[in-house]
Amino acid sequence: MARNEGEQAPVSPARALVLTEPRRLEERAVELPTIGDDDGLLRVEACGLCGTDHEQFTGALPAAAPFVPGHESVGVVEAVGPAAAERWGVAVGDRVAVEVFQSCRRCPACEAGVYRRCERHGLGDMYGFVPVDRPPGLWGGYAERQYLAPDSMLVPVPPTLDPVVATLFNPVGAAIRWAVTLPGTQPGDVVAVLGPGVRGLAACAAAKEAGAGFVMVTGLGPRDAGRLALAADFGADLAIDVAADDPVAVLRTATGGLADVVLDVTAAAPAAFAQAIELARPGGTVVVAGTRGTPEPPGFWPDLIVYKELRLLGALGVDVTAYRAALELLASGRYPFAGLPRRVVGLDGVTELLRAMAGEGDEAPPVHGVVAP
């Protein structure tokens, strides 16, 4: 039976995984907080995993351990205070997705809609990064419950959408913002997407939804072959293995020119940045959302930015507007997101899944990894 708003959650502790140091996840029982007027508690149904997760796990992305990771949480509101319920527009029993960033809603950045730069929170208070010793400790999705602080932002999940598929709200939302909103993609545009991971495939779909006339996606070598084979189902007109073909030459042959919009969502692929610059037409736009891992990307000739008069944009994070659009797209069923190759594990399987996603071992990583606590 559902509880009323403000009624407290069960008193038993929640199982959670705590990253205490690189490559060490410990299961702990974390006491549930008392929910007051202005906060809430989520029963986590599923939490998506991305490159950030395995970079936290391996130590490639420094973080202030120990903490409960997980920043793509979907679940059911289990307890919520009256003020929080009114602000978030939710009630006990509602399924929601949790925005990774928090927003004070009052500083200039938040008022401008750029809450990633919130003066109160910023990057330091992202879910999945907050130290476990900050009460109440349940600051990430690798847990049975997740605390909903007063400055959280929640997005309703369509009732027909499976919670595991709904965790794609983050990568699909990123694709919409990075491939369409930021560059201003127009109907008929030629779009090149570098990287065929879940964000790259979602970017193909987002570009097609925006009316792109031609979409190309690139990958590298055998490990990307399976993902490139999926690209046509997500709207790509052309999928290229850059280990075998020159993407610039192939794009010229296919379209008679270069790309109006180039989106680079590769990770730790330094050479991709130079390819992105080469693929853009004069006056085109390049959006860089993947990090290089090096200060000197090979083959990069800065003068091309000048000669081509390129618009070069960096992209960090998503926003609630894109998340809403993403959940609508997922629920529509127009693209086979539900059928993506994925691996869903409980808390006891997270370590092995993160190792696979980091490329360790012989098994190819899944396109979509999910923990279901």
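Trainee: How many bridges join strand β11 to strand β12?

Mentor: This is a predicted model. Strand β11 covers residues 259-264 and strand β12 covers residues 280-288. The two run parallel, and the number of bridges joining them is five.

Trainee: Which residue in β12 is the bridge partner of Val 262?

Mentor: Strands of a sheet pair through backbone hydrogen bonds, either parallel or antiparallel. For Val 262, the bridge partner in β12 is Val 286.

Trainee: What angle does the direction of helix α9 make with that of β12?

Mentor: Helix α9, residues 271-279, packs on the sheet. The helix touches β8, β9, β11, β12 and β13. Its direction and that of β12 make an angle of about 145 degrees.

Trainee: Which strands stand at the edges of the sheet?

Mentor: The sheet is open and has six strands with parallel pairing, in the order β10-β9-β8-β11-β12-β13. An edge strand here has a single partner strand, so one side of it is left without a neighbour in the sheet. That applies to β10 (238-241) and β13 (311-314).

Trainee: In what sense do strands β1 and β2 pair?

Mentor: Strand β1 spans residues 14-21 and strand β2 spans residues 24-30. Glu 21 has Arg 24 in β2 as its bridge partner. Over seven bridges, the sense of the pairing is antiparallel.

Trainee: Which residue in the hairpin of β1 and β2 takes a positive phi?

Mentor: This hairpin has two residues between the strands. The phi in question is near 70 degrees, and the residue that takes it is Arg 23.

Trainee: Are helices α5 and α11 roughly parallel or roughly perpendicular to each other?

Mentor: The axes of α5 (residues 169-181) and α11 (residues 320-332) come within 8 Å and cross at roughly 115 degrees. Angles of 65 to 115 degrees count as roughly perpendicular. The two helices α5 and α11 are therefore roughly perpendicular.

Trainee: How many nonpolar residues does the contact of α5 with α11 have?

Mentor: On the α5 side, Phe 169, Val 172 and Ile 176 are among the residues that meet α11. The α11 side includes Tyr 323, Leu 327 and Leu 330. By class, the contact has two polar residues and one charged, while the nonpolar ones number ten.

Trainee: Is Ala 64 buried or partly exposed?

Mentor: Ala 64 lies in the loop between α1 (51-58) and β4 (73-80). Buried means under 20% relative accessible area, and exposed means over 50%. Ala 64 has 47%, so the residue is partly exposed.

How values were computed:
Residues are numbered from 1 along each chain as its sequence is written. This is a predicted model: local features need pLDDT of at least 70, side-chain atom pairs count only at pLDDT 80 or more; totals for chains, interfaces and linings use all residues. Side-chain values use heavy atoms; hydrogens and water are left out. Axes are lines fitted to C-alpha atoms, for helices over the stretch in contact, and angles run from 0 to 180 degrees between N-to-C directions. Helices (H or I, at least four residues) and strands (E, at least two) are DSSP runs, numbered from the N terminus. Angles under 35 degrees count as roughly parallel, over 145 as roughly antiparallel, 65 to 115 as roughly perpendicular and the rest as oblique. Contact means heavy atoms within 4.5 Å. Ala, Val, Leu, Ile, Met, Phe, Trp, Tyr, Cys and Pro count as nonpolar, Asp, Glu, Lys and Arg as charged, and the others, Gly among them, as polar. Two strands pair if DSSP finds at least two bridges between them. Buried means under 20% relative accessible area, exposed over 50%, partly exposed in between (1.4 Å probe, protein chains only).
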